[in-house]
Amino acid sequence: MLVDDITQEVRRRGAVDTIRAGIAQAPALGKGLGFTFVLALFGAAGRVTIPISIQQAIDKGFVAGEVRLEFILRLCGAAAAVVLLAAWCQRTAVYRLGTAAEEGLYGLRVRLFDHIHRLSLADQNEERRGALVARVTSDIETLTMFFAWGGLAWMLDLSLMFVVACVMIAYDWVLAVVAFAVVAPLIIVLRLVQRRLVRAYDRVREGNAQMLSAVSETVAGVETLQAYDAVEPALQRVQASTKRRARASIRAGFIGALLFPSGEVFSVFTVVAVVGIGVWRGDAAGLTAGSLVGFMFLTYRFLEPIAEFTEVIDQTQTAVAGLRRVLGILDTPIGPPPAMNPVALPPGRLGVALHEVTFAYAPRDDEPATNVLTALTLTIPPGQHIALVGESGAGKTTVARLVARLADPTHGRITIGAVNVKHVANDDLRRRLTVVPQEPFLFADTIAYNLRFAAPTASDAELQAAVRALELEDWIASLADGLNTQVGQRGSALAAGERQMVALLRASLVNPDVLILDEATSSVDALTEVRIARALRKLSQGRTTISIAHRLSTAARADRVVLLANGRVLEDGSHEDLMGRGGDYKRMYDAWLTATRA
Amino acid sequence: MWAMVSFHKGYFFIAVGGAAVFAVATVLSSYGVQLLIDDVILPTFDTGGITFDTWARVSAVVVVIGLVRAVGVVVRRTYAGVANQSTAKTVADNTLSHLMRQPAAWHRQRMTGDIAARAGVDTDAAATILGPMPFASSVVVLLIVSGVWLIVTDVWLGLFAFTVFPLMLVMNILYQRKVDYHYQVAQDELGALSEAAHESFDGVLVVKAFGAEDRETERLAVISRRLRKARTNAITLRSTFESLIDAAPSLVNVAIIGFGATRVRDGAMTVGELSAFVFLFTLVSLPLRIVSYLFSELPHSASGWARVQQVLNEPLQRAPRAAILPSDDAMVDLRNVSAAHVDGAFALRDVTLTVHRGRTVAIVGATGSGKTTLLHLIAGLVGAKSGTIRLGTTRVGLVFQEAFLFAESLRYNLTLGADVAQDAINRALEIAAADGFVRDLGVSLDTELGERGVSLSGGQRQRLALARALAMGSELLLLDDTTSALDPSTEAAVLTNLRLLGDSVTTLVVASRPSTIALADTVIFMAEGNIAAAGTHEVLLRANDAYRTLISAFEHDRHDGENSADR
């Protein structure tokens, strides 16, 4: 199943289930959560100390015009002790929640890395790559932000409201009901405004993205714009986008400004009502002056977190959505499943064979599954060098991927050294078979680092030996720092041809029995071309080699040429045979010759 | 900071006004609490009752104060946003228009991403300071008004407040600075992690091909552990300090109750006043907390502004186009022109060249021989060090090696905002052999291209770039290896179309495909920044050894193929 389908399915999972599943994937999140909450409750006690102290002072400290100083001082001492103790409880609760969150999210991240590296290539293609990076960074970050703020607020605010509510009820349940009654309309108003605010912020984000991309595009296109004297209209275009963004932000700011003091406005009305009803009920109801004053303070405390709470709810929704996406990745089955009872590849040269192999990518977005390969049978004896040719979409790259077990065929089987690749342990396979991709990927480090990617334990001498074996000494010597030359981001400090040479060296360090070469299409200068051709010849010597040939000169050099069309073998034989046969291959070859001739 | 305010002073001061109203109303609201206690609650329980009117009067005062305070908040926040956003817009527009007037040579010495950031995220960062500034001003007013009120009511309590307020403020700021450090470290680690994850996922094919999944996961886990460490450090600090800072106002309030009780005994203050002070302290402690965020914003904003200033203060360099003179007869007339690379090395040396109207000229040369520089000079994109450039037209269409398309409508991409008739656009698409694929893709002139729209192949992009040059009525076409991304038959069709335009278009084309070169009237062979030879392809092949060597290198692939075929 593909990431998209899984995400669809997971989207139906409720918030509570999602959180439960999240805790299952990151057990550190849930560990000791109960005790943390108990500590938070004790911590909240510190915040009701002052209202209670005032009540006590007024009722028992200032009796009939007399001030009982000794009582008040004792009261103050006790209050100070409670405040400090509560502060310690709160500190511990915050610390426990925070560290548990970091521990849990770290575990979740590492699980994600591991899982993503093992996803099949269909779930790993370029369009999805950005999304995968977003899962391990921004989605996990929404969870981090949640624990740093929203999660904390849930814990502290809920504890505070609970404790305050208890004290209120203890003072006078009628007044408590009055205070509680305000919460419902307040929340309704807040939710309404909040919803508009969320929409307004969506527009801000959109405007922001548009503006930033308009700016960077205009700067990137400066030469084109200047060449056509079109800077002015381009600037006007950007100014329209900065204006749109400013408007959206100002609007969102206004809605936010309205929302901000709403809790306080409600508090004022509630306090006035509470005092009015309290005064009206008076002594008869067992109320005292102190408890009414204390109640007034408690009312402010009680309503204080509510405005914040509506934001917290939104943040919680965002976090749950992030968690859902993360779980969606973890629920996606990993690529070709590892062999259960691995069979060791036989020693010596290995042949490769495809038996009735059919391959189709899973259907996606209304597009039905179409076969990329259809019942393809192909036997490559040990040591043979074959070239796969054909138009793009003919299935050449798919054959290479299936042989390298980067994907499994839908039907049929593939054997290497007469062993089904599905039964070969990954480590075993990677030691005996290597792929040189069309666009070789290099890591932003030295050439040596990139070579050791294939052979982590290789010594400097071994790297030098590999360079000599492929006759690339003169090239390495021409580089400023030799093997220690930095290749830049994705190898950008090297020319395309140089990246290919690194890839060939890297492949040679594995010393594979089967070599799969996806030929590059980019043109390189003549000297590099010669070096690459020489290195390729050296590298493929004595190895079973499958070349995906874009230049038909490569095909002409191979032992055997296989022309693929629509996932089937159309022609198969040596270059000379096929040219003599006068079929599609000859036509392709002739057309190619004409194109490159003056 | 003041520089930021100066762009839209009016909005800013409305926000500050709102902030002042908020601050005064905050202090008054604790006066309201005092009235409720002294005039309503205490009389009820001490003397056995008050009139409804008394309650209504006091309640009205409390409610009005609360509403005024709310209005102050709304005005402050709204106009702080207006000032912030208007300033961000003004500065971004000014910065970008300055940047775009710098010539290509200036841009080539800098990274595109960095330049774009100056007009984008940096101006945003600079302007954000306007958001919390009015709030900070309200905190100052709040502290002064409440301090004065406290002193007037009770000198000792007032003095106490003037000691405690600043102390709490300093505590908050110190804490903020420390915790920001850890968050900054965490942010840096997150950036590193994101970059590494991107790289690792991008290279998934290599990772899988070499069975390096575990090693790569561990590499990312190491960075994640550093991130966790930074975050845990922040949490440790935060849990301790925030609990203390939360507890501080309560402790101060305990002290006020104790000390206030002696003042009440002496008859120096009422119980209502005492409670009001306790209430006031609760109200003031939150703004003290929040204002410390302002101090953590400051360096961020200041560095953003510094980066913006840096590019704004660079004087505009002269536009190279201004040095190009009109020519009466020849289309292109270069006399002893020399030009330098950004690093100062010679790109062109003493080049003299005349091209007549309607001709097609191929420019051939090895990498680094100065072909691209020659075209950019003629297009007025870069300037000459010496020599004169005369052109027979001002309508020059340079088509770059890499076509640059905007994530905008097809129409915008063809006209770059200029007013071009529909017919001219259609004709341009036809000549550039782009009409076919545009139709096949079902693209209309209003379809968006690029990231969010239709994605195009390299050859298709090149043809659109050529169509752009034609649609904009170029009389002199400069094609920098433009057609090499096309397949040979399309390339031949495009070049034939251009020749059919006759005298109305003169074409200079950098070419490496022998078939393309053969289509030109004249070939200019460049080597080491100079014109080594000129003539027809056949003549040069016969007479010039270096030219022959270069052409055979271009043909290398073909020969290679033929040789093996002969084997």
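Here is a friendly walk through this predicted model, point by point.

1. Let's start with the overall build of chain A. Its fold is made of 20 helices and 12 strands. The C-alpha trace spans about 120 × 65 × 50 Å along the principal axes. A compact globule of 598 residues would have a radius of gyration near 25 Å, whereas chain A comes out at 36 Å.

2. Next, the inside of chain A. Of its 598 residues, 46% are buried. If you take the contacts between residues at least 6 apart in sequence, 81% of them join residues at least 24 apart.

3. How do the two chains meet? On one side there are 114 residues of chain B, and they are in contact with 118 residues of chain A. Helix α10 of chain B, residues 213–265, gives the most to chain B's side of this meeting, with 29 residues. Sorted by class, chain B's side holds 62 nonpolar, 33 polar and 19 charged residues.

4. For α10(B) and helix α11 of chain B (residues 271–312), the angle is about 160° and the axes are 10 Å apart. Angles over 145 degrees count as roughly antiparallel, and α10(B) and α11(B) are therefore roughly antiparallel to each other. The crossing of α10(B) past α11(B) is right-handed.

5. Which residues of α10(B) and α11(B) meet? From α10(B) come I245(B), P249(B), V252(B), N253(B), I256(B), I257(B), G260(B) and V264(B). Facing them from α11(B) are V271(B), L274(B), F277(B), V278(B), F281(B), T282(B), S285(B) and R289(B). By class, this contact has 11 nonpolar, 4 polar and 1 charged residues.

6. Two backbone spots deserve a glance. Most residues other than glycine have a negative phi. R490(A) is not a glycine, yet its phi is positive, near 50°. You will find R490(A) in the loop between α15 (473–478) and α16 (496–510) of chain A. R490(A) counts as partly exposed because it has 18 C-beta neighbours inside 10 Å.

7. The other spot is in chain B. E528(B), also not a glycine, has a positive phi of about 50°. E528(B) sits in the loop between β9 (522–527) and β10 (530–535) of chain B. With 13 C-beta neighbours inside 10 Å, E528(B) counts as partly exposed.

8. Back in chain A, the loop between α15 and α16 also holds L483(A). Is L483(A) buried or partly exposed? It takes 20 or more neighbours to be buried, and L483(A), with 19 C-beta neighbours inside 10 Å, therefore counts as partly exposed. Leaving aside neighbours within four places in sequence, L483(A) is in contact with T446(A), I447(A), A448(A), L463(A) and I476(A). L463(A) is 20 residues away from L483(A) along the chain, and their C-alpha atoms are separated by 8.5 Å.

9. Finally, a loop residue of chain B. Where is D343(B)? Look in the loop between β2 (332–340) and β3 (346–355) of chain B. D343(B) is exposed, because 7 other C-beta atoms lie within 10 Å. D343(B) and Q109(B) are 234 residues apart in sequence, while their C-alpha atoms are 8.9 Å apart in space.

Definitions and conventions. Residues numbered from 1 in each chain as written. Chains lettered and ligands numbered in written order. Predicted model: local features only at pLDDT ≥ 70, side-chain atom pairs only at ≥ 80, totals over all residues. Helix = DSSP H or I, 4+ residues; strand = E, 2+ residues; numbered from the N terminus. Rg over C-alpha atoms; globule rule 2.2 N^0.38 Å. Buried ≥ 20, exposed ≤ 12 C-beta atoms within 10 Å, placed from the backbone. Contact = placed C-beta atoms within 7 Å. Nonpolar A, V, L, I, M, F, W, Y, C, P; charged D, E, K, R; others polar. Axes fitted to C-alpha atoms, helices over the stretch in contact; angles between N-to-C directions. Parallel < 35°, antiparallel > 145°, perpendicular 65-115°, else oblique. Left-handed = near helix turned anticlockwise from the far one by under 90°.
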